[in-house]
Number of protein chains: 4
Amino acid sequence: MGLVVRSVKNFALIGVGGFVAPRHLAAIAETGNRLVAACDPHDSVGVMDRTFPEARFFTEIERFDRYLEKLRRQGDGERVGVISICSPNYLHDAHVRLALRVGADAICEKPLVINPWNLDQLEALEDESPGRVYTVLQLRLVDSLRKLRDEVRASPARHDVELTYVTRRGRWYDASWKGSGEKSGGLVMNIGVHLLDLLLWIFGPASRVEVHVAERARAAGFMELERADVRWFLSVDPVDLPEPVRAAGGHALRSMRVGAREVDFSEGFGELHTEVYRRTLAGEGYRIADARPSIELAYRIRTAAPGPDAERTHPFVRRP
Amino acid sequence: MGLVVRSVKNFALIGVGGFVAPRHLAAIAETGNRLVAACDPHDSVGVMDRTFPEARFFTEIERFDRYLEKLRRQGDGERVGVISICSPNYLHDAHVRLALRVGADAICEKPLVINPWNLDQLEALEDESPGRVYTVLQLRLVDSLRKLRDEVRASPARHDVELTYVTRRGRWYDASWKGSGEKSGGLVMNIGVHLLDLLLWIFGPASRVEVHVAERARAAGFMELERADVRWFLSVDPVDLPEPVRAAGGHALRSMRVGAREVDFSEGFGELHTEVYRRTLAGEGYRIADARPSIELAYRIRTAAPGPDAERTHPFVRRP
Amino acid sequence: MGLVVRSVKNFALIGVGGFVAPRHLAAIAETGNRLVAACDPHDSVGVMDRTFPEARFFTEIERFDRYLEKLRRQGDGERVGVISICSPNYLHDAHVRLALRVGADAICEKPLVINPWNLDQLEALEDESPGRVYTVLQLRLVDSLRKLRDEVRASPARHDVELTYVTRRGRWYDASWKGSGEKSGGLVMNIGVHLLDLLLWIFGPASRVEVHVAERARAAGFMELERADVRWFLSVDPVDLPEPVRAAGGHALRSMRVGAREVDFSEGFGELHTEVYRRTLAGEGYRIADARPSIELAYRIRTAAPGPDAERTHPFVRRP
Amino acid sequence: MGLVVRSVKNFALIGVGGFVAPRHLAAIAETGNRLVAACDPHDSVGVMDRTFPEARFFTEIERFDRYLEKLRRQGDGERVGVISICSPNYLHDAHVRLALRVGADAICEKPLVINPWNLDQLEALEDESPGRVYTVLQLRLVDSLRKLRDEVRASPARHDVELTYVTRRGRWYDASWKGSGEKSGGLVMNIGVHLLDLLLWIFGPASRVEVHVAERARAAGFMELERADVRWFLSVDPVDLPEPVRAAGGHALRSMRVGAREVDFSEGFGELHTEVYRRTLAGEGYRIADARPSIELAYRIRTAAPGPDAERTHPFVRRP
């Protein structure tokens with residue numbers, strides 16, 4: 001009977017100074033792999049001490065690239081097999097290209113791109129390259145949501161869904177790249193894409209799409225999906241937090257109502273990166289084709305003119 | 001009789017994207033004050049969400065300055081009373097000047113400056129300004145160290161002291177401003193200044209100063225203080241961690257032996273910023289004159305030629 | 001009988017890596033003064049070799065400030081008397097404040113600010129400071145324009161004016177700070193403010209203001225001034241260059257028609273900085289109050305809703 | 001008897017905000033080609049207006065790369081054939097890799113790399129790529145130097161050569177990337193490599209190499225080449241300019257004495273880029289193998305310990 005020797009993979013990471021990097025570092029460590037290099041223009045990266053003090057660190061992407069190229073030339077034991085990407089959204093596809101060009105796979109934070117046509121470019125480059133492009137769609141790994149999906153898919157019934165997602169962000173948000181439509185893709189792309197992916201994955205593709213609110217800090221609309229009518233509301237403005245939540249000191253409201261039933265999905269934010277890595281390394285990661293529907297839908301919503309003749313609006317949409 | 005109304009002070013903070021900022025934010029919150037503005041060239045500052053989501057955030061010091069100036073013109077309720085400074089060391093004195101010029105006090109991370117002559121400049125500007133300059137010397141607030149100081153000062157006896165401070169830093173450290181002598185002042189100024197302040201504060205001023213090791217990641221020497229002979233060793237290189245520490249998964253060794261007795265001071269790293277703020281706001285903060293001796297000593301050590309004819313070396317100093 | 005010794009003044013300059021810096025360097029040299037320090041985040045500043053190789057250079061405003069403060073403490077012979085400011089528009093007022101705070105005068109490129117209310121702040125700070133704030137309004141020094149102004153002011157007659165200003169900018173313009181409304185103030189503030197100042201200075205204050213075109217690269221409108229009705233057109237888009245200009249290889253059309261007469265003002269772009277400096281150093285520089293009307297008018301135009309019911313439109317305004 | 005249609009090539013350029021960019025822009029224009037994209041972190045690039053206003057401009061290398069990749073996918077008429085590289089020295093090889101990866105040739109400023117081993121990496125990548133790597137060695141095109149080379153090579157005689165190169169740089173030089181050994185390779189690599197290439201190209205390979213002075217702003221040494229003994233002196237410090245040069249208002253001394261004869265090579269600085277481009281586009285450009293000897297020699301000099309037992313020193317070397 002064969003002896004299975006699972007080899008340790010060399011990882012590199014782009015965006016190690018950012019908010020979501022610690023989850024990727026933990027996922028690399030917890031899947032038994034090794035970080036050999038990291039990059040960020042910001043050099044406050046003491047977070048590396050905990051898990052990978054031996055990893056090289058670069059503040060310039062060019063020097064990072066030189067090091068990866070050098071490792072590639074040194075051969076199999078040295079070369080980087082996977083690059084984890086958690087840079088600002090508008091740089092994701094450039095960093096995925098970097099990964100493919102040094103022969104590595106990419107595991108890229110969502111959204112893979114902020115303009116859908118760049119997915120075509122990535123797919124074409126992936127075809128020419130030995131590496132594969134994976135993305136992080138961790139909500140699909142939440143047990144309660146998987147069960148819901150199985151149920152929904154088991155019958156042709158249509159559902160009435162109300163999705164409410166309010167999460168407070170401070171005023172810094174607007175002064176950061178996240179507040180720049182050009183760099184983050186805007187609220188619906190940056191935060192909403194998670195929810196859109198979830199809805200499409202559970203209830204099937206969208207036909208009709210209405211947008212009722214399209215503000216910088218708030219968006220809402222209605223969608224007809226294959227198996228559901230969905231009224232959705234998304235906000236980072238604390239004024240949209242219901243009074244009871246605020247009274248309890250809470251900063252977020254995440255609710256999905258399917259018919260009369262409330263489905264919890266708060267688990268999915270934060271703790272699932274290791275599981276995403278495990279599946280990806282086992283060959284079951286989400287690929288460009290998996291990311292495409294929600295990115296195309298987010299783009300469609302982002303560029304739609306909000307209609308004054310809304311048919312069904314989310315109850316949080318305030319009317320003057 | 002009198003009714004005491006303790007007013008809430010407006011704070012601003014420079015360096016909110018950095019490592020030590022969370023302690024300052026917590027100290028501002030825990031002393032019942034309010035952050036109204038923060039600045040950092042790096043915009044990954046979600047840390048502000050927890051305590052001060054309402055604070056303005058700026059990535060450019062010029063815009064931050066404009067906002068502070070505007071608040072100053074708006075009068076007493078609006079103006080910023082204190083600016084907390086946790087930017088890279090080489091910018092500390094410039095940011096203290098900014099605070100003084102908008103009429104605010106400064107609470108500045110150590111070291112206040114990396115070249116001692118800039119203290120004179122700060123003192124002169126402080127004399128012309130309504131604001132005061134305070135620094136963070138939190139080790140002086142550790143109970144065990146205060147007791148030790150009282151004992152030492154109560155008798156003229158001289159002590160034999162061995163100070164060992166090894167704390168692992170990853171390879172990123174060298175690629176960051178902390179690894180640049182020009183920006184951090186080097187290891188002895190950046191990390192050692194804490195310990196030098198402690199020694200001078202407990203055992204009195206230095207007469208003889210020998211330097212035995214002066215490497216990028218490691219320094220050692222001998223000092224004759226008023227009431228102690230001190231052999232000291234400072235390193236961020238993990239090879240200097242004793243095997244038992246490493247075996248236990250530890251990343252740091254912090255030891256001060258006074259005669260036969262081990263004095264614990266690990267408590268002082270991390271949890272004392274709120275207490276520093278409390279005292280400073282009560283008018284008992286540490287001032288430029290308090291910071292000066294350790295900065296001058298660190299500078300003296302940093303610029304000394306390491307002597308080959310060392311008299312008493314720390315046991316960790318490896319001989320070829 | 002006294003002997004007049006004209007002393008050499010120490011200058012510093014902010015924005016030495018930019019487009020307009022060479023004119024300021026030349027003006028400093030040609031008025032017999034000396035540059036002692038310069039600052040720019042961009043370090044491609046070989047331009048300094050020609051005139052002031054001895055000047056210190058800094059890439060960080062904080063270090064520049066430290067050096068100026070040090071010179072200030074060293075006394076009269078050393079301190080900087082004037083700071084020339086040619087940084088991006090949105091930083092002008094912050095850099096003027098820096099000048100005032102180190103006790104220097106400021107000679108600042110136009111526009112002094114991009115939001116008029118910041119002029120109040122500057123005036124208040126100027127009142128508290130020994131230094132004065134000057135700006136560069138070089139078109140007012142063009143001989144032909146001075147003569148026109150004298151004529152216009154000599155009689156109460158009203159004039160019919162058509163101002164056309166088309167100057168090609170490459171596509172880089174949009175990707176630079178000049179293309180960002182937030183950083184440059186937009187086309188009318190960044191380029192138009194020159195022309196508005198000229199019109200107000202010659203023909204008196206504006207009553208009625210219509211805006212007909214308000215695009216990123218093109219603006220037009222109509223103004224009723226005290227002594228003129230003005231139709232104006234401003235563009236950086238090469239498609240607005242008349243065919244004869246393009247055929248002749250030209251890149252700009254600068255035309256002011258007053259009644260039937262064409263007034264040349266092309267001289268005013270480029271060669272008048274030395275004269276501006278000479279007057280300013282002689283106590284005849286333009287001050288905040290001089291800059292205010294055109295900045296307020298530019299702001300008014302920039303924030304006006306372009307009206308569809310235009311009364312008199314410039315002939316270059318294309319109608320669909 | 002075919003008809004030769006010389007097609008216009010699409011160029012892109014990295015470093016368009018820098019000192020040497022105008023020569024490359026001119027060379028692209030004068031060889032009848034077209035710039036379609038340029039990149040520089042600094043956005044003061046009005047220089048593009050003169051020649052290529054239609055070219056796209058990017059301040060981030062990632063977005064520049066995205067655009068090049070997009071053009072590549074659009075096919076032959078759109079794709080970029082050549083990337084001109086005039087970024088800071090330490091980024092040259094990364095930008096050459098970028099060129100090769102998008103299928104373009106690279107025309108790279110000297111020095112191609114600052115550490116010779118990176119040449120191996122570039123050669124390996126060039127072997128895998130359709131593009132070629134060219135460098136700018138414009139002194140080899142100076143007529144007087146070509147003649148000298150022919151003469152020298154025509155006979156086995158050895159020559160006595162004294163090379164003196166003093167060119168004043170202001171104090172800004174040290175505060176820029178050019179003054180950083182890590183980024184420019186230091187004086188001998190950044191400026192001297194031109195002269196070393198010239199000497200090796202004319203007089204053949206070096207055997208003995210002595211270094212007499214190795215300061216930040218000044219270097220000198222002696223070399224035994226195949227057909228010459230060379231004493232050389234290189235400085236950017238104005239104190240090394242002979243009094244007559246300074247009295248005449250000069251800022252540079254460039255002298256090569258071969259035996260009793262003075263050879264002029266000042267022509268080679270500035271005006272030869274177009275000729276370099278012409279030859280390169282005709283397939284006669286200088287390749288990695290041509291650049292290697294001078295880079296290896298510069299590196300050898302840069303890392304040599306200056307010997308106190310110098311045999312033959314340049315007369316400018318001052319003895320204490």
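1. Basis of the note. This is a predicted model, in which local features need pLDDT of at least 70 and side-chain atom pairs count only at pLDDT 80 or more, whereas totals for chains, interfaces and linings use all residues. Residues are numbered from 1 along each chain as its sequence is written, while chains are lettered from A and ligands numbered from 1 in the order in which they are written.

2. Domains of chain A. Chain A is divided into domain 1, covering 10-135, and domain 2, covering 139-267 + 287-303, with bounds that come from an automatic or database domain assignment. The contact between them takes 17 residues from domain 1 of chain A and 17 residues from domain 2 of chain A, where two residues are in contact if their C-beta atoms, placed from the backbone, lie within 7 Å.

3. The domain 1 side. On the side of domain 1 of chain A that touches domain 2 of chain A, helix H5 (117-128) and strand E6 (133-135) of chain A each supply at least two residues, and the largest share, 4 residues, comes from H5(A). Helices (H or I, at least four residues) and strands (E, at least two) are DSSP runs, numbered from the N terminus. By class, this side has 11 nonpolar, 3 polar and 3 charged residues; Ala, Val, Leu, Ile, Met, Phe, Trp, Tyr, Cys and Pro count as nonpolar, Asp, Glu, Lys and Arg as charged, and the others, Gly among them, as polar.

4. Chains D and C. This contact takes 27 residues from chain D and 27 residues from chain C. On the chain D side, helix H2 (47-51), strand E3 (56-58) and helix H7 (172-175) each supply at least two residues, and E3(D) gives the largest share, 3 residues. That side has 12 nonpolar, 8 polar and 7 charged residues.

5. Pairs without contact. No contact joins chain A and chain C, whose closest C-alpha atoms lie 12 Å apart; chain B and chain D do not touch either, their nearest C-alpha atoms being 12 Å apart.
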